[in-house]
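Please keep the sequence and the structure in view while reading.

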Amino acid sequence: MPEAAFAPAIGVDAVEPGKAVKVTIGGRDILICNSQGAFFAVENKCSHADEALECGRIRNGWISCPAHGARFDLESGEAMNPPAKDSIATFPLRVVDGMIEVAAG
Ligand code: FES
């Protein structure tokens, strides 16, 4: 199976530290998150009750779900505390000439 192609998502300057911006790539809702200058791409859907994660708090490499407070590791997508048990999807991300690109095909 061929690797998913990277597609331009958003400029690095548009995602401030501690913030997340929603983009749509390949028909998927994806959050581009900036945790202390490191960028991550995760699915914009909590694994607990499918709520959007986009207004969640971002700290030290995790995002918290605004609905019931589950936290997810931004790198691995793993759930860090209840009520979520399952991981959320994460996507490969790279920065090219100031543009964040995500492979979410
Ligand atoms: S929907 Fe995210 S913790 Fe419940």
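From the N terminus on, the elements of the protein chain run β-β-β-β-β-β-β-β-β-β. That is zero helices and 10 strands, where helices (H or I, at least four residues) and strands (E, at least two) are DSSP runs, numbered from the N terminus. This is a predicted model, in which local features need pLDDT of at least 70 and side-chain atom pairs count only at pLDDT 80 or more, while totals for chains, interfaces and linings use all residues. Residues are numbered from 1 along each chain as its sequence is written.

**Overall dimensions**

- The radius of gyration of the protein chain is 13 Å, close to the 13 Å that the globule rule gives for 105 residues, so the chain is as compact as a globular protein of that length. The radius is taken over C-alpha atoms, and the globule rule is 2.2 Å times the number of residues to the power 0.38.
- Along the principal axes, the C-alpha atoms of the protein chain fill a box of roughly 40 × 35 × 20 Å.
- Of the 105 residues, 31% count as buried. A residue is buried if 20 or more other C-beta atoms lie within 10 Å of its own, exposed if 12 or fewer, and partly exposed in between, with C-beta atoms placed from the backbone.
- Among contacts in the protein chain with a separation of 6 or more, 41% are accounted for by residues 24 or more positions apart. Two residues are in contact if their C-beta atoms, placed from the backbone, lie within 7 Å.

- Strands of a sheet pair through backbone hydrogen bonds, either parallel or antiparallel. Here two strands pair if DSSP finds at least two bridges between them.
- S2 (residues 20-25) and S3 (residues 28-35) run antiparallel and are joined by six bridges. Val21 has Ile32 in S3 as its bridge partner.
- S2 and S3 form a hairpin with two residues between them, and Gly26 in the turn has a positive phi of about 55°.
- Gly27 is found in the loop between S2 and S3. Gly27 counts as exposed because it has 7 other C-beta atoms within 10 Å.
- Gly27 and Ala89 are 62 residues apart in sequence and, C-alpha to C-alpha, 14 Å apart in space.
- S3 is also joined by six bridges to S4 (residues 38-43), and these two strands run antiparallel. Ile32 stands opposite Ala41 in S4, and the bridge partner of Asn34 is Phe39 in S4.
- S3 and S4 form a hairpin with two residues between them; Gln36 in the turn has a positive phi of about 55°.
- S4 pairs with S8 (residues 90-91) in the antiparallel sense over two bridges. Val42 has Thr90 in S8 as its bridge partner.

**Two open sheets of three strands**

- S6 (residues 62-64) and S7 pair in the antiparallel sense over three bridges. In this pair, Ile63 stands opposite Phe72 in S7.
- Another open sheet of three strands has the order S1-S10-S9, and the pairing is antiparallel. The edge strands of this sheet are S1 (6-11) and S9 (93-96), each of which pairs on one side only.
- Four bridges join S9 to S10 (residues 99-103), and the two run antiparallel. Leu93 stands opposite Val102 in S10.

**Nonpolar core**

- The largest nonpolar core has 28 residues, and those with the most contacts inside it are Ile30, Ile32, Cys33, Val42, Ile63 and Val102. Such a core is a set of buried Ala, Val, Leu, Ile, Met, Phe, Trp, Tyr and Cys residues joined through C-beta atoms within 7 Å.
- S2, S3, S4, S6 and S10 each supply at least two residues of this core. The largest share, four residues, comes from S3.
- Not counting residues up to four places away in sequence, Ile63 touches Ala20, Cys33, Val42, Leu53, Gly56, Ile58, Arg71, Phe72 and Leu74.
- In soluble globular proteins, nonpolar side chains tend to be buried together.
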